[in-house]
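Please look over the sequence and the structure below before reading on. The text then goes through the two chains part by part.

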Amino acid sequence: MQTKFNLRVIEIAGLSFAYDKELVLENINLIVNHKDFLVFIGPNGGGKSTLVKLILGINPIQKGSIKIFGEPLQKSLTQIGYVPQNTNVNTNFPIKAIEVVMMGHHAHKRAIVGYKKEEIAHAMHVLEQVGMEKFAHKKIGSLSGGQRQRVMIARALCSNPKILLLDEPTSNIDADGQKQIYELLRELNKKITVIVVSHDLSVVLQYATKVAHINKKLSFHDLESLQKEFDLSNNAHICEVELLQMLGKRSC
Amino acid sequence: MLEALSYEFIQNAIIAGILVSLVCGIIGSLIVVNRMVFLAGGIAHAAYGGIGIAIFAGFSIFLGTTLFAVVTALIMAFVTIKQRENIDTFIGLIWAVGMAIGIILVDLTPGYNVDLMSYLFGSILAVNREDLYFMGALFTIIVFVMTFWYRDILSVSYDSEYAALSGINVNFFYTLILILSALTVVIAIKVVGLILVIALLTIPIYIAQTISSSLYVMMIISGLAASVFTITGLWLSYSFDLTSGASIILVSAAALTVFMIIHRLR
């Protein structure tokens, strides 16, 4: 039983959330296991972002519970590496890629002035993991959207998280860049749990192992068993809209 | 020209010009990357209220301006943190009301004979020892804050949402930046006047931002560029008997134009 308990990285039970009496999430139950590649899909305003904010501890829990590695939620990024949406803002900012990455270091391990040698070495190591070590000293604004997103992933990996949570990671990135990001996530997924918020079903389904459709309520799907039913590998023949409706209606 | 350097008021003006330029380089960089230029403009103009209160109540104008500017910065911080919508409107309101308070209080002061223009356009040649001590102290405080909290301030400025998630007190550092901006505005008023402060806080910074890949490099380049502009402007002002603040700003603007042309051509 002990090992089974350890496999559960996130456990959400009976979670509801309302903004000013308007219910956004209703009775959400979800178990995320170690090394899952989970995707949150659903319409805009369906509650995906709200759920992310609850998991990160930005929004207070009103009803229900969220446990991370069996522990109640704490407001910090110690367990979860987070890649926010809209990493294309502030591109004029004079900052090097490696400086952005080092923002991901734990505050209490920091040097009093400047950066420790170990911090720089570790930042270079995570930049290597995302294939961006050659760009460490480039200004962040001079990188392409896809490269910048890799730097943001490196920042999230800096605290050695067991879970990586990405909010719409490929929204301002060209098709090639998107594919590279997902290939990178698949590689990272060999060691850690990956959760992606996305509305782009066609790309995500090639990489995800689990799907949670969120529209106030959550319906959960294990893609491995779904694939047997619908032969998703041959996904050119499936209409995306129908698939989305199906994922929203029923749970597997 | 060289014999001018032997006058104490010229020496004071040069030291003040360099100190204020370095401070404006550091704080101006923070103001620009945090997109607070309008906020800083609001504090600069509202500071006139402090001048009015000091003249009316009869205490040190420097003290009055400092207190009023810091209080204005705190109000601005409170408003921008609590009331994310309509920020522009509130800043405009504080900007105008601060100035109006100053003007009315000066009107109400009997036998008023202080040179108003010196606050609007600066009076660097009237800088005294006390002003220099205050400028030196502020420079030291700012260098100290930037040395020990550089990473937090960098995080908050670059990505405040992420900074908050990683446990940095974003509101504290935001308020700190605004208070330091207010103090910077107060000493810059001496050099270029409250109307022209915003130029000293943006022109050298724009040049530096274009060629820097780090925030601290931007701060150093801004400070050095501002120093060169200030000393050149001061020299022109002395040689041709022109208003010092306006000379400094026009030198900066001319340098910016040359910089932009060279930058385009390359």
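The model is predicted, and its confidence is the place to begin. Chain A has an average pLDDT of 83, and 83% of the residues reach at least 70. Within chain A, helix α1(A), residues 2-7, has the lowest confidence, with a mean of 54. The highest in chain A is found in α3(A), at 94. Over residues 1-5 of chain A the pLDDT stays under 50, and the model gives this stretch one contact beyond four places in sequence. Where pLDDT is low, predicted coordinates should not be read in detail.

Chain A is built from nine helices and ten strands. Of its 252 residues, 37% count as buried. Among the contacts in chain A with a separation of 6 or more, 73% are between residues 24 or more positions apart.

The two chains touch each other. On one side are 19 residues of chain B, in contact with 18 residues of chain A. Helices α6 (129-148), α7, α8 and α12 of chain B each supply at least two residues to the side of chain B that touches chain A. Of the elements of chain B, α7(B) gives the most to this side, with four residues. Sorted by class, the side of chain B that touches chain A has nine nonpolar, eight polar and two charged residues.

Helix α7(B), residues 150-158, deserves a separate look. How many of the nine residues of this helix are buried? Eight of them are, and the helix is mostly covered. The buried residues are B:Arg151, B:Asp152, B:Ile153, B:Leu154, B:Ser155, B:Val156, B:Ser157 and B:Tyr158. What covers the buried residues of α7(B) comes from both chains: it includes α3 (97-102) of chain A, and from chain B α1 (8-33), α8 (160-165), α9 (170-192) and α12 (215-240). The helix of chain A named here, α3(A), is the one with the highest confidence in that chain.

Helix α9(B) also packs against α3(B), residues 61-82. Two packed helices are described by the angle between their axes and the distance between the axes. The axes of α3(B) and α9(B) come within 9 Å and cross at roughly 150°, and the crossing is right-handed. On the α3(B) side, the residues making the contact include B:Thr65, B:Ala69, B:Thr72, B:Met76 and B:Ile81. On the α9(B) side they include B:Tyr174, B:Leu178, B:Ser181, B:Val185 and B:Ile189. By class, this contact of α3(B) with α9(B) has 14 nonpolar, six polar and no charged residues.

The crossing is left-handed. From α11(B), the contact is made by B:Ile203, B:Pro204, B:Tyr206, B:Ile207 and B:Thr210; from α13(B), by B:Ser252, B:Ala253, B:Leu256, B:Phe259 and B:His263. By class, the contact of α11(B) with α13(B) has seven nonpolar, three polar and no charged residues.

One residue remains, B:Ile55, which lies in helix α2(B), residues 37-57. Is B:Ile55 buried or exposed? B:Ile55 counts as buried because 20 C-beta neighbours lie inside 10 Å. From B:Ile55 to B:Ala253 the C-alpha atoms are 33 Å apart in space, and the two residues are 198 residues apart in sequence.

Key: Residues are numbered from 1 along each chain as its sequence is written. Chains are lettered from A and ligands numbered from 1 in the order in which they are written. This is a predicted model: local features need pLDDT of at least 70, side-chain atom pairs count only at pLDDT 80 or more; totals for chains, interfaces and linings use all residues. A residue is buried if 20 or more other C-beta atoms lie within 10 Å of its own, exposed if 12 or fewer, and partly exposed in between; C-beta atoms are placed from the backbone. Two residues are in contact if their C-beta atoms, placed from the backbone, lie within 7 Å. Ala, Val, Leu, Ile, Met, Phe, Trp, Tyr, Cys and Pro count as nonpolar, Asp, Glu, Lys and Arg as charged, and the others, Gly among them, as polar. A crossing is left-handed if the near helix is turned anticlockwise from the far one by less than a right angle, and right-handed if clockwise. pLDDT is the predictor's confidence in each residue, from 0 to 100. Axes are lines fitted to C-alpha atoms, for helices over the stretch in contact, and angles run from 0 to 180 degrees between N-to-C directions.
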